[in-house]
Structures are given as C-alpha cells and as structure tokens.
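Here is a short briefing to read beside the sequence and the model.

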Amino acid sequence: MSDHACERRRLLLATSGAGVVAAAATAVPFVASLTPSARARAAGAPVEADVGKLQPGEMMTIEWRGKPVWVLRRTAEMLAALEGHEDRLADPASSASLQPDYTVNRARAINPEYLVVIGICTHLGCSPTERIRPGASSGLGEDWPGGFLCPCHGSIFDLAGRVFKNQPAPTNLEIPPHTWLSATSLLIGDDGSGTG
C-alpha cells in the first residue's frame, strides 16, 4: 500500500472517529432532555416522611404534588372527641369524600393515632388553619371539639378532617394514598394499589 493510501486511510479513520464522538456528544444531551427532570419526577413521586419525632398532639406538613399534606399525631383525647359530634357533621361516614377505602372509618386512618390528610379546603382550595385545641380557647366556642378552620370562607373540620354541616366546603378533606413502611416511616402518594 502506498504512503498516500495509508495517509488517506488514517485521515478517514480520524474523521470517522471524530464524527462518532461528535454524534455521541450531541445525542447524550438530547436523549437526557427527553427524560423528566428530578424536580418533575419529585412533583408526582411518592414522598417518605419520618414521623418518629412527632409528639402526641403535634402536626407536621409534608409537600406532595405541590400540596400540603398534614400528619397529625392524635392523642387518646383527640380520638375520643371524634365520637361526640357526629350528628353535627355533613358526612360523618365519609361516604361522599375523596379517600382510599382503607381510611373509610371514624378516624379516617390506617393507624388511628395518625391523621394523614391534604391540607386544602374542598370549597375553593384555601389552606385551613389548625384549631386543634378544643373549647373556647380555639375562638370557635365552648363546644368546639378541635379541628381546622378555613380562613377564606369559614368552613370547619374536625380532627379527622370531616366537614361540619351547613359549611361552604362540600366534602371532607381529602386523604391521599399512603402506607406505613415502618412504625415511624410513612410513604405518601403510594399505597401499593397502583392508584397513587
């Protein structure tokens, strides 16, 4: 093979190699742009919450799909209070409310000690404020059992997120799909049913 032919072959291999590298350098960012970003995945992905430090009577907020999810660790007194006012509730059995089947009970929970609820009023989407303490100290009267007050239009909910009768909110607060991974680890947005 002549020197000229060898030189041409080296040049052809070099330019082919450079072309492959350039194609790969262009393809990798293009393919990566087709997959959702970490932020986009997190917006709809399940969220794990450690509730181990949550004391009885305390509440924490976790963000899931851009919504506040409240986890309230209820005391024995709070759970007992759920029974005394069901005649004042619009949907005490939660038959018309959005929630997983496994939370259709008085406590609206898998584990009655923990309420897991989306903190958005079912009327027009405002975020209620906590009025957890019962009685007059809440500003809602002596017979207030504890719960939540929507500051926008005055809807009130009990400590299970159930709406009282004759309120602007048409249904109870929504319960998201969730499951317990351990005694202190909660997974919000996935309950293993494929509906999260």
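Which residue in β6 is the bridge partner of E130? It is F148. This is a predicted model: local features need pLDDT of at least 70, side-chain atom pairs count only at pLDDT 80 or more, and totals for chains, interfaces and linings use all residues. Residues are numbered from 1 along each chain as its sequence is written, and side-chain values use heavy atoms, with hydrogens and water left out.

**Sheet β5-β6-β7**

- Three strands form an open sheet in the order β5-β6-β7, with antiparallel pairing.
- Strands here are DSSP runs (E, at least two residues), numbered from the N terminus.
- Two strands count as paired if DSSP finds at least two bridges between them.
- β5 (129–131) and β7 (156–158) stand at the edges with a single partner strand each, so one side of each has no neighbour in the sheet.
- Neighbouring strands of this sheet are turned by 30° against each other on average, direction ignored.
- That angle is taken between axes, which are lines fitted to C-alpha atoms; angles run from 0 to 180 degrees between N-to-C directions.
- β5 and β6 (residues 147–149) run antiparallel and are joined by three bridges.

**Sheet β1-β9-β8**

- A further open sheet of three strands has the order β1-β9-β8, again with antiparallel pairing.
- Its edges are β1 (47–50) and β8 (178–180); each has a single partner strand, so one side of each is left without a neighbour in the sheet.
- Neighbouring strands of this sheet are turned by 20° against each other on average, direction ignored.
- Three bridges join β8 to β9 (residues 185–188), and the two run antiparallel.
- T179 has L187 in β9 as its bridge partner.

**Strands β3 and β4**

- β3 (residues 67–73) pairs with β4 in the antiparallel sense, over five bridges.
- V71 stands opposite V116 in β4.
- Five of the five residues of β4 are buried, so this strand is largely enclosed by the rest of the structure.
- Buried means under 20% relative accessible area, exposed means over 50%, and partly exposed lies in between (1.4 Å probe, protein chains only).
- Y114, V116 and I118 point one way from β4, while L115 and V117 point the other way.

**Cysteines**

- The model has one disulfide, defined as a pair of cysteine sulfur atoms within 2.5 Å.
- This disulfide joins C126 to C152, with an S to S distance of 2.0 Å.
- C126 lies in the loop between β4 (114–118) and β5, and C152 in the loop between β6 and β7, so the pair ties together parts that are 26 residues apart in sequence.
- The torsion about the S-S bond of C126 and C152 is about -105°, so the disulfide is left-handed.
- C126 is buried at 17% relative accessible area, whereas C152 is partly exposed at 39%.
- C121 is in no disulfide.
- The sulfur of C150 is 3.8 Å from the closest cysteine sulfur, in C121, which is too far for a bond.
- C121 is buried, with a relative accessible area of 4%, and C150 is buried at 3%.

**Nonpolar cores**

- In soluble globular proteins, nonpolar side chains tend to be buried together.
- A nonpolar core is a set of buried Ala, Val, Leu, Ile, Met, Phe, Trp, Tyr and Cys residues joined through side-chain atoms within 4.5 Å.
- The largest core has 20 residues, of which L72, L115, V117, F148, F157, L159 and L173 touch the most other members.
- β3 and β4 each supply at least two residues of this core.
- A second, separate core has 14 residues, including W64, I118, W180 and I188.
- Contact means heavy atoms within 4.5 Å.
- Not counting residues up to four places away in sequence, L72 touches G57, E58, M59, E113, Y114, L115, I132, F148 and L159.

**Loop residue T184**

- T184 sits in the loop between β8 and β9.
- T184 is partly exposed, at 36% relative accessibility.
- Leaving aside neighbours within four places in sequence, T184 is in contact with A49, D50, V51 and G52.
- The C-alpha atoms of T184 and K53 are separated by 8.5 Å, with the two residues 131 residues apart along the chain.

Terms used:
Helix = DSSP H or I, 4+ residues; strand = E, 2+ residues; numbered from the N terminus.
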